[in-house]
Amino acid sequence: MFRIGLRGVQLSRKVTNAAAFAQTQRRYSTDVSEQDRSLFGLLFDIDGVLVRGRTPIPAAKQCFRNLVDGDGKYKVPVVFVTNAGNSLRQTKAEQLSHLLEVEVSPDQVVLSHSPLRVFTQFHDLCVLVSGQGPVVEVAHNVGFKNVVTIDMLREAYPLLDVVDHHRRPKDMIPPSKDLPPIDAVILFGEPIRWETNLQLIVDVLLTNGRPGNPVTSLHYPHIPVLACNMDLLWMAEAKNPRFGHGMFLVCLESIYKKITGCELKYEALIGKPSVVTYNYAELLIRQQAEKLGWTRPVERLYAIGDNPMADIYGANLYNRYLKAMHRSRAQVQAQGGLASQVTGDLACEASDDAKCSGQVMVGGSFEHRLPEGCSSILVCTGVYNRDQQDLPSDPEQTVTEQRIFHGHRDFRFDPSLTQPSFIVHDVRDGVELVFQLEGWPLQ
């Protein structure tokens, strides 16, 4: 791990690890032709890295001015990977374009729910969706055709939502409406009325998708549940982090187990730090590289984030997955097989990801070769604050508050995965470092 100081110090002096500095000096050369340069892509988190709430972080605008040429064309492939999920990709791209003052296309945006596009086995089922914002439009946009919302459910069965006395039926009880049986539950993000969403989701799980029926026996395993965004906390304008969708999932898991004695099971966990999200982001990086006219594969990825348990853990988990995939492919080829014969099961085993479903293995215009690795870069402008939290010298400890594991229940905790490759003050420092490490002039 390398630590990077504040911008006032020359970048070459920021890299305090001597071996890393020597490597940087060897690789940095403005004389290298464009054809001989190593090729890399950038993955940016948004909240805490580029913005705080609706306010841009000052370094972000300057950073992106340097990332595009005079025609507004990106110098390297750029993809924004966020655990936000309460909007469409088009809307998020427009927001980023306005805030960063550069053109951002929807094809450069990975929201927490974006990888649901590859879960085609669920697209024709009747699904209950939870979250906020245009959840029906979001669900249709990623492929779901038969969607029921929490509001539709409470209107169909008005006796189910009674915590708020003002929303209880008055006088005459309206009759229930028929809804089709619910086949799966899709959790897009934290809802507004937690008590309503928790109650009705549990009703659906206990009744095997028929919440108007009485619970006569335990249906277990329950119908499939797919959850996007496992962030326990996220950073907005407040001085301290706010509850994220991961906190809602903790509540749902605890309630379900308290009532049934059984663990809530997920068909898939999507969003950072899951490998499927980074696989999907890598697909978009490949597509961006093709649009830039690159004819060679991207060799390395750099993921810049502010949350050790989402951005750093996820990037490091994906790096481990990439290394294992390359080893597996090499072994298959040594035995006379093809690299394409490496299966999703091998990939899952390689990543140690608790929920590896939805592998994204899509070829581009050149033979698909996975990047060699993915380096993690931690900024100090969001959830992680170097003044309040320092990285522990003991690798068995974590970088999270009070050394407590803030990751999701179903992810096997490995403290080493919370350790970033680099720590920088802000996103501008991070991009400057990457360009020097890769031997590319930034300006």
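User: In this predicted model, how many of the six residues of strand β14 (residues 300-305) are buried?

Analyst: Buried here means under 20% relative accessible area. Strand β14 is mostly covered. R300, Y302 and I304 point one way from β14, L301, A303 and G305 point the other way, and all are buried. The number of buried residues in β14 is six.

User: Which residue of β14 is the bridge partner of L42?

Analyst: Strand β2 (residues 40-44) and β14 run parallel and are joined by five bridges. Within β14, the residue that partners L42 is Y302.

User: Which residue of β15 is the bridge partner of L301?

Analyst: Strand β15 (residues 373-379) is joined to β14 by six bridges, and the two run parallel. L301 points the other way from β14 than R300, Y302 and I304 do. Its bridge partner in β15 is C374.

User: Is helix α9 roughly parallel or roughly perpendicular to helix α10?

Analyst: The axes of α9 (residues 275-291) and α10 (residues 308-334) come within 9 Å and cross at roughly 75 degrees. Angles of 65 to 115 degrees count as roughly perpendicular. Therefore α9 is, relative to α10, roughly perpendicular.

User: How many residues of the contact of α9 with α10 are charged?

Analyst: On the α9 side the contact is made by V275, Y278, N279 and E282. The α10 side supplies A310, D311, G314, A315, L317, Y318 and Y321. Of the residues in this contact, seven are nonpolar and two are polar, and the number that are charged is two.

Conventions:
Residues numbered from 1 in each chain as written. Predicted model: local features only at pLDDT ≥ 70, side-chain atom pairs only at ≥ 80, totals over all residues. Heavy atoms only, no water. Axes fitted to C-alpha atoms, helices over the stretch in contact; angles between N-to-C directions. Helix = DSSP H or I, 4+ residues; strand = E, 2+ residues; numbered from the N terminus. Parallel < 35°, antiparallel > 145°, perpendicular 65-115°, else oblique. Contact = heavy atoms within 4.5 Å. Nonpolar A, V, L, I, M, F, W, Y, C, P; charged D, E, K, R; others polar. Buried < 20%, exposed > 50% of the residue type's maximum accessible area, 1.4 Å probe, protein only. Pairing = 2+ DSSP bridges.
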